[in-house]
Structures are given as structure tokens and as C-alpha cells.
Amino acid sequence: MDIEEISQVLYKEKNQTLKTIPADFYLEAEKYVRKLEEDIKKVDNSRSPEFKMLHDEHERALSDLETIFMKRIGKVITRATIQSNANKPISKDIEKLLPVEKKLYDLVLQEIKAAKTELLGPILYPGSENTAVWPEIVERQIPAGFKGKTDAKMGIPGIAARGETGLVPDKNNINEEYVVVRILKDLPTFTGADGRNYTVSAEEVVVLPQLNATGLIRRNAAKLIVGQEDSGKDSFPGEN
């Protein structure tokens, strides 16, 4: 895989049509990104044209991959919404989804149907005994190092409680696909891998989807927080 192949996939995903992508697309993309990172480390002069070229290619690859992911997720949600109408035939597009995307499609479809039953059911079908069946949301214990350390903002269904300045996590629970980071510079509002919009500023401690956090860390826009249970303060990788 190379940057051009990623760019071609991105170009095809720019319209609303769901395209078929190779089953190993993300696996090959990971290998490609890791190879770029190895090549960057081999360049001694960080001001050399070769370093800049590799660095720019690396940044572009990460950005394009995240955009591809979000565009496909948006299409998954759209198709699940359409399919929630019982009169709609199952779209053949579903066959183009990767296994993980299909899992998301099934989950979103189930949630939409449950919400429709709970909210519209009593109006459309008075007296019906149908009850909403919501997908189970598994809550996991927050890693010990994070307990009581931060009021980071986040939004996880069934786990977070809304505060005045955003979504504040229940400090006893956190989804393992989210991580706590410190933002190093002001960033424009962006859509996370969970479909939520995030507005963050420098020096804020926030909880982000792991995919987005990883991208920001690689861009030196955020730093992963490692909580020290007994230190009474947050510590960061590379800091004493």
C-alpha cells in the first residue's frame, strides 16, 4: 500500500455511495504507516527535504485514513436509519461493509428500532405490549490510575453525565476504547470516531476515542495521561 492507494479510496468515498474496500485495507494501512515511521526514524537530519517529505506523507496518510473511516461510518449510520423503516427493503450496500462496520450497522439499527418502539410505539400502536429492546451497554471499571484524577470531558452512552461545560465521565467507569489525554494546543471542532463533536483547547484534560487520541498524539497536539495512583497528581509519558 502507498499514499496514492489511500487517496484513491478517499476519493471514492467522497460521495454518498458505499464502496467496497479490501478486507485487509486497514491492516495494510497499518503496515504502511509503521513503515513510514521507521523510515522517518532513520533520517538523521530533521530539517532535510527527505525528513519533511516522509513526515508530510505520514501526516497525510493518518488524516486520510481517519477521513475514510468517518465517511464510511456516516454511511453506515445513514443506511441503518433508512433500514429502520420496516417498509424498506434491505440494501445490497450492506454486503460492502467490513465485518466491524457490519457490527456497528446492526447495533445502530437495533438502537433506532428500540428508540422508535419506546417513543413512537405508544402513539402509533396504543395498547400494544411491545417493549423496547436496547442493546446491552457494557460498563468497564476505570483503570486505577485514573480514579479521582481528572474531570475530563467525554460522552459515552450509559456512562457519562451531562455537566455545564460538556460531558463529565462517571469516575468509576470508562469505556476501554476511550483514553485520557492533555491537549497541547487549541484545535478546531472535530467529529470523533464515536460520531460526537469535540471542541478542545490547549491544556484541557479530555477523554477522547482512542482513534482520535492516537492521531492527535502523533501530531504532537495531545499527550497521553498516565495516572499515578499514589502521587496525587497526573503524570505524562516522558515527564518526571
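1. Rings of Phe, Tyr and Trp (its six-membered ring) pair if their centres lie within 6.5 Å; planes under 30 degrees apart count as stacked, over 60 as edge-to-face and the rest as tilted. By this rule, there are 2 aromatic pairs. In one of them, Phe25 and Tyr26 have ring centres 5.2 Å apart and planes at 80 degrees, so this pair is edge-to-face.

2. This is a predicted model: local features need pLDDT of at least 70, side-chain atom pairs count only at pLDDT 80 or more, and totals for chains, interfaces and linings use all residues. Residues are numbered from 1 along each chain as its sequence is written, and side-chain values use heavy atoms, with hydrogens and water left out.

3. Is Phe25 buried or exposed? Phe25 is buried, at 1% relative accessible area (buried means under 20%, exposed over 50%, partly exposed in between, with a 1.4 Å probe and protein chains only). Tyr26, at 30%, is partly exposed.

4. Phe190 and Tyr198 form a stacked aromatic pair, with 5.8 Å from centre to centre and 20 degrees between the planes. Phe190 is buried at 17% relative accessibility, and Tyr198 is buried at 8%.

5. Asp2, Glu4, Glu5 and Asp24 form a negative surface patch. Glu5 is partly exposed, with a relative accessible area of 31%.

Technical notes:
Patches are made of residues with over 30% relative accessible area and no salt bridge: like charges are joined within 9 Å, nonpolar side chains (Val, Leu, Ile, Met, Phe, Trp, Tyr) within 5 Å. Accessible areas come from the Shrake-Rupley method with a 1.4 Å probe; for residues, only the protein chains shown count as cover. A salt bridge is a side-chain nitrogen of Lys or Arg within 4 Å of a carboxyl oxygen of Asp or Glu. Lys and Arg count as positive and Asp and Glu as negative; His and the chain ends are not counted. The place of a charge is taken as NZ of Lys, CZ of Arg, CG of Asp or CD of Glu.
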